[in-house]
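Please examine the sequence and the structure before reading on.

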Amino acid sequence: MIGNFSERLIVQEVAPRDGLQIEPTWVPTDDKVALIDQLSSAGFTRIEAGSFVSPKAIPALRDGSEVFARIRRQPGVVYVALVPNMQGAQRALQAGADELNLVMSASQTHNLANMRMRCEDSLAAFADILALSSGTAATLNGTIATAFGCPFEGKIDEDRVLAIVEHYLELGIGAITLADTTGMANPRQVARLVERVLLRLPASALTLHFHNTRGLGLANVLAAYEAGARRFDAALGGLGGCPFAPGASGNICTEDLVNLCEEIGIETGIDLPKLIGMSRALPALLGHEVPGQVAKAGRNCDLHPAPGGL
């Protein structure tokens, strides 16, 4: 598989949710809707458009219902909502989310910090959400946060992650995300776990969610791709981070990932110049610079005039 880059890499854009949830400055609903509408026309087939969590816990995303009501939905685009519990699932279904992204941590400590419940309780709640969504058009995805490491507990045993995968599958949740919540993964670890998970479900049902906290985000993407993974989360500008994880920093940057794919011949179907233009507008929206590199440096094909006098 190494060096075979013939299969398309699917990017799920998560900036409207994971990217904005940690921002200290309120992003108006109009701007959130405009951002999602721009992303919808950039070639994405999947966009995590918001979350339905407690407004007290994540005030930056308290307008989730209004955002879902106002976005211009493009045919063929799946609009995903993160939900932590039954109440959030009810609101997401009422808002017309195409997919509910359920989240629990492999780490008991992080799950208590992030979800205010033990892992066993999260799994029990997911069974209730599955029953609630039965008969609706919405699909379910189960995310395993801190799958590669926890800022409180350190390394996570792979067998524990695989046991959670099995629990999800037994519940009837057929799509799974492995999330490196605070960027603790390394390429060899990633390749090993992806290979083991893909023995249990197809590549089309597995998503990898990497953060670039320690500079290994894109290296981990390549390791996962070469191990057979084909779906990845990324955030415009490299925005994001978990509010309940010390040291958290941004997701892998969407335009940097798409640029990497174009450089080495992996198809994504995403409009890179459009992404770069959108990323360059983020500092004015958010009031600070963003981590993405390609928007600052330009693509390799964006050449400059030779200096005068040569």
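## Cysteines and barrel

Cys 119 is buried, at a relative accessible area of 3%, where buried means under 20% relative accessible area, exposed over 50% and partly exposed in between (1.4 Å probe, protein chains only). The model is predicted: local features need pLDDT of at least 70 and side-chain atom pairs count only at pLDDT 80 or more, while totals for chains, interfaces and linings use all residues. Residues are numbered from 1 along each chain as its sequence is written, and side-chain values use heavy atoms, leaving out hydrogens and water.

A disulfide is a pair of cysteine sulfur atoms within 2.5 Å; by this rule, the count is zero. Cys 119 belongs to no disulfide, and the nearest cysteine sulfur, in Cys 150, is 9.9 Å away.

| Feature of Cys 261 | Value |
|---|---|
| Distance from its sulfur to the closest cysteine sulfur, in Cys 253 | 12 Å, too far for a bond |
| Relative accessibility of Cys 261 | 2%, buried |

The strands, which are DSSP runs of E with at least two residues, numbered from the N terminus, form a closed barrel of eight: β1-β2-β3-β4-β5-β6-β7-β8, with parallel pairing. From one strand to the next, the twist averages 30°, with axes being lines fitted to C-alpha atoms and angles running from 0 to 180 degrees between N-to-C directions. Two strands pair if DSSP finds at least two bridges between them. Strand β3 (residues 78-83) pairs with strand β4 (residues 99-105) in the parallel sense over four bridges. Leu 82 has Asn 101 in β4 as its bridge partner.
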